[in-house]
Amino acid sequence: GSGGILLDQQGRRFSNELDLRSVVSKRILENCEPYKMPDGAEYRPWAWCLLNEEAQEKFGKPMLSFYKDQVGLFEAAEGTKELAELIGCEEEALIQTLKDYAAACDRKICTKTGKVVFPSR
């Protein structure tokens, strides 16, 4: 609930991130690609979690550092170009997703996902 947004492998939002865990998990299974290991084995579908500076502060920098540096679940990216390269998506798609999310924050509703609470912009 710190304001991160979930993205699929094309850089698109697909769920109200603050919905019930069971609902968000179902949306990940329905909308995201399987995780591929270097040996080609596939595992459960997964999503990218994007945290801007405000969301990182709310999440807690020490906790984020643990998950990034010790567990390897987060990676840093500077700007949309670097983030798109990390995700493996088109930068234009990512930019549109971020514009749409900012507009939803301003309107206080995301018509795509039904989200009405936005902890971070």
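Author: Two residues touch, or are in contact, when heavy atoms of theirs lie within 4.5 Å. The model is predicted, so local features need pLDDT of at least 70 and side-chain atom pairs count only at pLDDT 80 or more, while totals for chains, interfaces and linings use all residues. Residues are numbered from 1 along each chain as its sequence is written, and side-chain values use heavy atoms, leaving out hydrogens and water.

Let us begin with alanine 41, which sits in the loop between β2 (34-36) and β3 (42-45), where strands (E, at least two residues) and helices (H or I, at least four) are DSSP runs numbered from the N terminus. Leaving aside residues up to four places away in sequence, alanine 41 touches Tyr35 and Lys36. Its relative accessibility of 26% makes alanine 41 partly exposed, a class between buried (under 20% relative accessible area) and exposed (over 50%), with a 1.4 Å probe and protein chains only. From the C-alpha atom of alanine 41 to that of glycine 4, 37 residues apart along the chain, the separation is 28 Å.

Lysine 115 belongs to the segment after α5 (91-107), and with a relative accessible area of 1% lysine 115 is buried.
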